[in-house]
Amino acid sequence: MSTAVARRSSLPGFGLTMGLTLTWLSVIILIPLAGLFLKSFELSFDQFWTIVTSRRTLNALKISFGLSFAAALVNLVMGMIVVWALVRYRFPGRRILDAIVDIPFALPTAVAGIALTTLYAQSGWIGGLLAPLGIRVAFTPLGIFVALVFTGLPFVVRTVQPVLEDLDAELEEAAASLGAGRWMTVRRVVLPSVVPALLTGFTLALARAVGEYGSVIFIAGNLPNYSEIAPLLIVIRLQEFRYADATAIAVVMLVISLLFLFLINALQRWTQRHTGNSR
């Protein structure tokens, strides 16, 4: 009887919506990815291994994933600080600051790259101040890092902000009334609630950084084995009509990205269970 009640109370249209969902995901995601893997099968294992283990390819992959991971970590910390300021405090210009966070979303990536290059070049406003200190940003891996931080920050802020806004401030006041200090309140009350959102924001920022192209190529300098990112190397191989080489590099990037997403999602599920049990 309970099953019949559950069936009557469930929303209608499950079959239709599930069918449309699977069809859309297959057309948009699964079929293109399958085509990518099938294209790589045109290479023998030795050819594939030679391409992906070449010095230029390995350096490009290290630059892309290493700097993307570092930029996502910085955005994780700074994004939380920005969210805390926007949610927990009221000050003049808060709405303007909140809108500024979305600029990397709306700004075309090429425009962002040109702006960052102009700003951080040795003749730029910031680059000119750093040059006497021996710090070069534009046309170095540091420039790539700056561009990836710029593009990834909104993903962390906009993911964590709604969670922190929904967190009842009375819980913090109750912890304080029970004798908890500020840092203990943050560690025992605030962080357990926002950690899943932080991990989600970190994942989104990392995924965006790995695939970022437009804002990076202007400021990177694009020197092979020094400041050349993997997406640019793929484009170069396509321009050289070396489609199999481009496909091999793309497959490696896809596999590494999926492994990152799997590990982060597993960590997120573990965190949710751990925080749920601790409560």
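## An exposed phenylalanine and the basis of the model

Phe241 is exposed, because its relative accessible area is 62% (buried means under 20% relative accessible area, exposed over 50%, partly exposed in between, with a 1.4 Å probe and protein chains only). The place of Phe241 is the loop between H13 and H14, and its phi is near 60°, a positive value in a residue other than glycine.

This is a predicted model, in which local features need pLDDT of at least 70 and side-chain atom pairs count only at pLDDT 80 or more, whereas totals for chains, interfaces and linings use all residues. Residues are numbered from 1 along each chain as its sequence is written, and side-chain values use heavy atoms, with hydrogens and water left out.

A positive phi is also found at Phe139, which is not a glycine; the value is about 65°. Phe139 lies in the loop between helix H8 (125–130) and H9. With a relative accessible area of 37%, Phe139 is partly exposed.

## Overall architecture

The protein chain has 14 helices and zero strands; helices (H or I, at least four residues) and strands (E, at least two) are DSSP runs, numbered from the N terminus. Along the sequence, the pattern is accordingly α-α-α-α-α-α-α-α-α-α-α-α-α-α.

Of the 279 residues of the protein chain, 37% count as buried. The accessible surface comes to about 16,500 Å², and carbon and sulfur atoms make up 70% of that area; accessible areas come from the Shrake-Rupley method with a 1.4 Å probe, and for residues only the protein chains shown count as cover. Among contacts in the protein chain with a separation of 6 or more, 75% join residues 24 or more positions apart, where contact means heavy atoms within 4.5 Å.

## Helix H2

Helix H2 (residues 14–40) has 27 residues and should span 39 Å at 1.5 Å a residue; its end C-alpha atoms are 37 Å apart, which agrees. The expected span of a helix is 1.5 Å times one less than its number of residues. H2 bends by about 50° at Ser26, the bend being the angle between axes fitted to the seven residues ending there and the seven starting there.

Ser40 also belongs to helix H2. Its relative accessible area is 6%, so Ser40 is buried. Not counting residues up to four places away in sequence, Ser40 touches Thr247 and Val251.

## Nonpolar cores

A nonpolar core is a set of buried Ala, Val, Leu, Ile, Met, Phe, Trp, Tyr and Cys residues joined through side-chain atoms within 4.5 Å. The largest such core has 39 residues, of which Phe48, Val160, Leu164 and Met253 touch the most other members. At least two residues of this core are supplied by each of helix H3 (45–52), H4, H9, helix H11 (182–211), H13 and helix H14 (243–278). H14 gives the largest share, nine residues.

Phe48 touches Leu43, Ala248, Val251 and Val252, again leaving aside residues up to four places away in sequence. A second, separate core has 20 residues, including Leu67, Leu148, Ala209 and Ile236.

## Salt bridges

Side chains of opposite charge can pair when their charged atoms come close. A salt bridge is a side-chain nitrogen of Lys or Arg within 4 Å of a carboxyl oxygen of Asp or Glu, and by this rule the count comes to eight salt bridges. In one of them, the side chains of Arg56 and Glu228 meet at 2.6 Å, N to O. This pair links distant parts of the chain, 172 residues apart: Arg56 is in helix H4 (residues 55–88), and Glu228 is in the loop between helix H12 (214–220) and helix H13 (230–239). Arg56 is partly exposed, with a relative accessible area of 24%, whereas Glu228 counts as buried at 2% relative accessibility.

Asp98 and Arg158 form another salt bridge through their side chains (2.9 Å, N to O). Here too distant parts of the chain are linked, since Asp98 is in helix H5 (residues 94–100) and Arg158 is in helix H9 (residues 141–166), 60 residues apart. Asp98 is partly exposed at 23% relative accessible area, and Arg158 counts as partly exposed at 22%. Arg242 forms a salt bridge with Glu240, with the closest N and O atoms 3.3 Å apart.
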